[in-house]
Amino acid sequence: MSERRLTIAIMDAPYESANSTTAFRIIAAALKKGVHVNVFAYEGAVSLAVKDQAPHANPVKGTSVEEE
């Protein structure tokens, strides 16, 4: 039987939408089932790999950290 594989490309920056969170949940579920996963991050998603990444306020929209 061939090895099961999943390849996901993530483009959305952290904290801008739920897409990145959803992608990580899919990845975690696949890994739990023994699927080999490749993840490619490009554009805003390259910031997902930054260790100190944290939510921040958005002065342009006038929102606080909690609102973001």
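How many salt bridges does the count come to by the rule of a side-chain nitrogen of Lys or Arg within 4 Å of a carboxyl oxygen of Asp or Glu? The count comes to one salt bridge. The model is predicted: local features need pLDDT of at least 70, side-chain atom pairs count only at pLDDT 80 or more, and totals for chains, interfaces and linings use all residues. Residues are numbered from 1 along each chain as its sequence is written, and side-chain values use heavy atoms, with hydrogens and water left out.

**Overall form**

- The protein has one helix and two strands, where helices (H or I, at least four residues) and strands (E, at least two) are DSSP runs numbered from the N terminus.
- Along the sequence these elements follow the pattern β-α-β.
- The radius of gyration, taken over C-alpha atoms, is 15 Å, well over the 11 Å that the globule rule gives for 68 residues, so the protein is more spread out than a compact globule; the rule is 2.2 Å times the number of residues to the power 0.38.
- The C-alpha trace spans about 55 × 20 × 20 Å along its principal axes.
- Of the 68 residues, 18% count as buried, meaning under 20% relative accessible area, with exposed over 50% and partly exposed in between (1.4 Å probe, protein chains only).
- Contact means heavy atoms within 4.5 Å; among contacts between residues at least 6 apart in sequence, 65% join residues at least 24 apart.

**Helix H1**

- Helix H1 covers residues 19-32, 14 residues in total, and reaches 20 Å from its first C-alpha to its last. This is close to the 20 Å expected at 1.5 Å a residue, a span defined as 1.5 Å times one less than the number of residues.
- Ser 20, Ala 23, Ile 27 and Ala 30 are the buried residues in H1. They cover an arc of only 85° around the axis, which puts them on the same side of H1; the arc is that of the directions from the helix axis to the C-beta atoms.
- An α-helix has 3.6 residues a turn, so residues three or four places apart point the same way.
- The buried residues of H1 pack against strand S1 (5-10) and strand S2 (36-41).
- Exposed Arg 25 and Lys 32 sit on the face of H1 turned away from its buried side.
- After H1 comes Gly 34, with a positive phi near 85°.

**Core and contacts**

- The largest nonpolar core has eight residues: Ile 8, Ile 10, Ala 23, Ile 27, Ala 30, Val 35, Val 37 and Ala 45. Such a core is a set of buried Ala, Val, Leu, Ile, Met, Phe, Trp, Tyr and Cys residues joined through side-chain atoms within 4.5 Å.
- S1 and H1 are the elements that give two or more residues to this core, and H1 supplies the largest share, three residues.
- Ser 20 of H1 has 4% relative accessibility and counts as buried. Not counting residues up to four places away in sequence, Ser 20 touches Ile 10, Asp 12, Ala 13 and Leu 48.
- Ala 30 is in contact with Leu 6, Val 35 and Val 37, leaving aside neighbours within four places in sequence.
- Leu 6 lies in strand S1 and is partly exposed, with a relative accessible area of 25%.
- The C-alpha atoms of Leu 6 and Glu 16, 10 residues apart along the chain, are separated by 24 Å.

**Salt bridge**

- Glu 3 forms a salt bridge with Arg 5, and their closest N and O atoms are 3.6 Å apart.
- Arg 5 is exposed, with a relative accessible area of 53%.
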